[in-house]
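Trainee: Please take me closely through one part of this model, naming the contacts and giving the cut-off behind each term.

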Amino acid sequence: MQVTETLNEGLKRGYAITVTAAELDAKVEEKLKEAQPDIAMKGFRKGKVPMSLLRKQYGQRLLGESMQEAIDGALSAHLEETGDRPAAQPEMKMTNEDWKEGDDVNVAITYEKLPEIDDVDFTKIKLERLVVKADADAVKEALDSLAESPQAVSYEAKKGAAKDGDQVVMDFVGKVDGEAFEGGSAEDYPLVLGSNSFIPGFEDGLLKVKAGDEKDVEVTFPEDYQAAHLAGKTAVFTCTIKEVKGPKKPKLDDELAKKFGAEDLDALKAQITDRLEAEYTGAARAVAKRGLLDVLDKKVSFDLPQALVDAEANSIAHQLWHEENPDVHDHNHDKIEPTKEHVKLAERRVKLGLLLADIGQKAEVKVTDQEMTQAIMTQARQYPGQERQFFEFVQQNAQFRQQLQAPLFEDKVVDYIFAQAAVKDKEVSKDDLQKAVEKLEEEE
């Protein structure tokens with residue numbers, strides 16, 4: 001077997017591999033001898049079938065297998081010898097297309113290898129990390145928000161007409177074509193107007209009603225309504241208003257705290273403080289991470305595999321096009337050409353992705369099974385009632401598991417760099433942090 005270099009330009013590599021007819025024949029013979037003891041054929045005992053018959057029966061199939069194995073083996077041996085790591089699957093093409101049995105096999109292999117990346121002295125990287133404390137005003141704002149939530153608000157009887165935000169207690173009977181339908185009636189039902197918990201138009205129809213009123217509200221069920229026999233139908237609900245109640249904002253006291261699972265108001269304040277500071281810490285970390293990536297982007301330089309840049313630029317262009325054209329859900333559209341801005345962003349992403357992967361590999365950063373399980377559990381919560389199907393999907397989909405693992409790995413590498421870099425904490429206000437986050441989002 002011969003391997004001859006045909007291309008060596010930047011990261012691009014090309015090789016011509018020749019597998020001789022004799023080498024192929026020897027591989028076929030080896031496979032036949034290995035299988036012979038287990039093969040039975042009419043007229044011959046098991047293991048006694050002549051090699052000539054075996055070759056006639058199985059030779060063609062084994063020839064193809066042997067050819068592929070020989071080429072794969074030559075490529076693997078070459079990569080091991082050179083240390084090259086292809087950036088994508090190498091392209092293989094048979095160059096003697098008129099090949100017939102008994103000829104040598106000539107194959108051209110091309111690929112772009114991953115670049116060699118110099119080590120970075122992280123101790124020389126200077127970063128700023130914003131620190132925000134949850135002050136009394138922020139805690140009070142969060143408490144007020146909790147007090148206005150449906151879980152905390154109570155209602156008390158009021159005089160006058162119902163308005164948005166009020167609670168209407170009523171009996172109602174719904175009819176389609178004059179006939180009451182199952183699930184369309186209730187007694188003493190408390191409905192908060194503006195909660196959008198009923199069919200569109202129903203709550204608007206009860207605005208300005210008073211206790212003692214009887215009102216017919218006509219609505220049309222949505223076309224995609226879950227009960228198919230009602231979908232698209234017009235219904236009339238006869239509503240008897242028993243009481244109109246206005247919202248009563250609760251006091252910020254221990255009773256409110258108990259509604260949210262806290263022992264008393266001080267304990268609830270402590271929980272809010274911890275939650276706010278955790279949110280601030282997360283936002284500040286995102287800002288610091290962006291600062292680190294900006295530093296690395298300027299500090300480190302190496303050749304980029306063009307195939308990876310092209311693929312990323314196309315992906316960015318395609319994603320942004322769909323964001324600008326939300327009504328198009330399929331891919332039946334003209335080809336989207338990346339702009340210079342798309343290519344520039346793609347180059348940054350590929351560069352930083354390769355750099356962080358290289359740093360993580362050298363530092364032996366690993367994502368543990370426990371961390372992966374936690375990530376899977378977090379994702380599963382987004383599919384209530386379908387957790388089992390989600391877990392089965394994850395088990396069967398290696399690509400999706402990789403998508404979950406990638407950000408975990410990247411964050412661990414970033415933490416590894418943070419631990420060595422010169423990071424200076426800077427205490428700022430919540431507004432300053434918010435501005436930094438907004439700037440971050442504008443630049444993405």
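Mentor: A polar contact here is a pair of N or O atoms within 3.5 Å; within protein, one must be able to donate a hydrogen and the other to accept it, and residues adjacent in sequence count only if both atoms are side-chain atoms. This is a predicted model, in which local features need pLDDT of at least 70 and side-chain atom pairs count only at pLDDT 80 or more, while totals for chains, interfaces and linings use all residues. Residues are numbered from 1 along each chain as its sequence is written, and side-chain values use heavy atoms, with hydrogens and water left out.

Let us look at asparagine 96, which sits in the loop between strand E3 (91-94) and strand E4 (105-112), strands being DSSP runs of E with at least two residues, numbered from the N terminus. Asparagine 96 has a relative accessible area of 13% and is therefore buried, a term that means under 20%, as against exposed at over 50% and partly exposed in between (1.4 Å probe, protein chains only). A polar atom of its side chain lies 2.8 Å from the backbone oxygen of aspartate 104, and a polar atom of the asparagine 96 side chain also lies 3.2 Å from the backbone nitrogen of asparagine 106. Leaving aside residues up to four places away in sequence, asparagine 96 touches Asp104, Val105 and Asn106, where contact means heavy atoms within 4.5 Å.

Methods: Helices (H or I, at least four residues) and strands (E, at least two) are DSSP runs, numbered from the N terminus.
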